[in-house]
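Let's take a friendly walk through this model, starting with a piece of sheet and ending with a covalent link. Have the sequence and the 3D view open as you read.

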Amino acid sequence: MAWTSDFHSCGGASQSPINIQLSETIFDPSLRPFLLSGFDVPEDEKLKLKNNGHTVVLDLPDNLLIHNGLPQEYRAAQLHFHWGSRGAPGSEHSVDGKRYSGEIHVVHYSTEYSTIQEAMTQPGGLAVLGAFLEAGSEENPTYEHFLTYLPQVSNEGQDTEVPGFNISGLLPGRMERYYRYNGSLTTPPCFQSVNWTIFNDTIKLSERQISMLEDTLHRDDEEILQLNFRNAQHMHGRIILANFR
Ligand SMILES: NS(=O)(=O)c1c(F)c(F)c(SCCc2ccc(C(=O)O)cc2)c(F)c1NC1CCCCCCC1
Ligand SMILES: [Zn+2]
């Protein structure tokens, strides 16, 4: 599928992901820490985990809200991941050319709109929180809440139910420091409606947990689902803000 001919937004001037060149970032102290509410989902609430052939998506209940770090209130819709292959990193964004092992995207839409379908066509309609995954020495207990279910969705189109857990535990421990820029969905239709936040702090998983993400999922049943990141897009004069020096 030629992305630009079929989806002309994909050839636009505000596309994502990007390489965050630290020397080009601009300090903006007005960008405040996030307030998350409703992210601690009780375990008797079941969340759908689906392999859609491009990534693994966890649908989120409609009472998860974020505020403060953003100009308006946004409602969480889903989260998904981008990863590499054994030994090759797979984050979508990069920092001074460094690509990380993986990246989580928590996708939200502005509460000005009643559906994500409506919001995603509007400027600022979406807010995606992104954070880098990297291998550390410890196992990440919160990631176990859904990684243990990956084998049940190993093939494209499969989905399963995951008991609720504290979704904020999938994000970095510290969320005060982040980069902010205006961009797009990194997959067709590539709508340029995303207010991007990329956290400075990374998420540490064990090597085994990173490998789970890299080695478990398949697309159309035989091809392994790996390296599902889009290449860095041109800035076309866009600026990247940082709320820390
Ligand atoms: N990084 S990102 O946020 O742009 C992104 C990707 F890079 C993605 F790769 C994806 S998955 C690819 C799009 C897709 C395909 C199939 C299905 C299905 O069968 O249910 C659903 C979606 C993906 F779902 C998303 N996020 C979605 C973009 C699709 C349209 C809006 C819905 C929420 C955000
Ligand atoms: Zn994504």
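Two strands count as paired if DSSP finds at least two bridges between them. Keep in mind that this is a predicted model. With that rule in hand, look at strand S8, residues 94-95, which pairs with S9 in the antiparallel sense over two bridges. Within this pairing, Val-95 stands opposite Lys-98 in S9.

Now widen the view. S8 and S9 belong to an open sheet of three strands, in the order S1-S8-S9, where the pairing is mixed. The edges of that sheet are strand S1 (19-20) and strand S9 (98-99), each of which pairs on one side only.

Next, turn to the cysteines. A disulfide is a covalent bond between the sulfur atoms of two cysteines. How many disulfides does a search of the whole structure find? The search finds one, and the bond joins Cys-10 to Cys-190, with an S to S distance of 2.0 Å. Where do its two ends lie? Cys-10 lies in the loop between helix H1 (3-6) and S1, while Cys-190 lies in the loop between strand S13 (178-183) and strand S14 (194-199), so the pair ties together parts that are 180 residues apart in sequence.

The bond has a handedness, too: the torsion about the S-S bond of Cys-10 and Cys-190 is about 85°, so this disulfide is right-handed.

Are the two cysteines buried or exposed? A residue is called buried when its relative accessible area is under 20%. Cys-10 has 5% relative accessibility and therefore counts as buried. Cys-190 is buried as well, because its relative accessibility is 0%.

How values were computed:
Residues are numbered from 1 along each chain as its sequence is written. Chains are lettered from A and ligands numbered from 1 in the order in which they are written. This is a predicted model: local features need pLDDT of at least 70, side-chain atom pairs count only at pLDDT 80 or more; totals for chains, interfaces and linings use all residues. Side-chain values use heavy atoms; hydrogens and water are left out. Helices (H or I, at least four residues) and strands (E, at least two) are DSSP runs, numbered from the N terminus. A disulfide is a pair of cysteine sulfur atoms within 2.5 Å. Buried means under 20% relative accessible area, exposed over 50%, partly exposed in between (1.4 Å probe, protein chains only).
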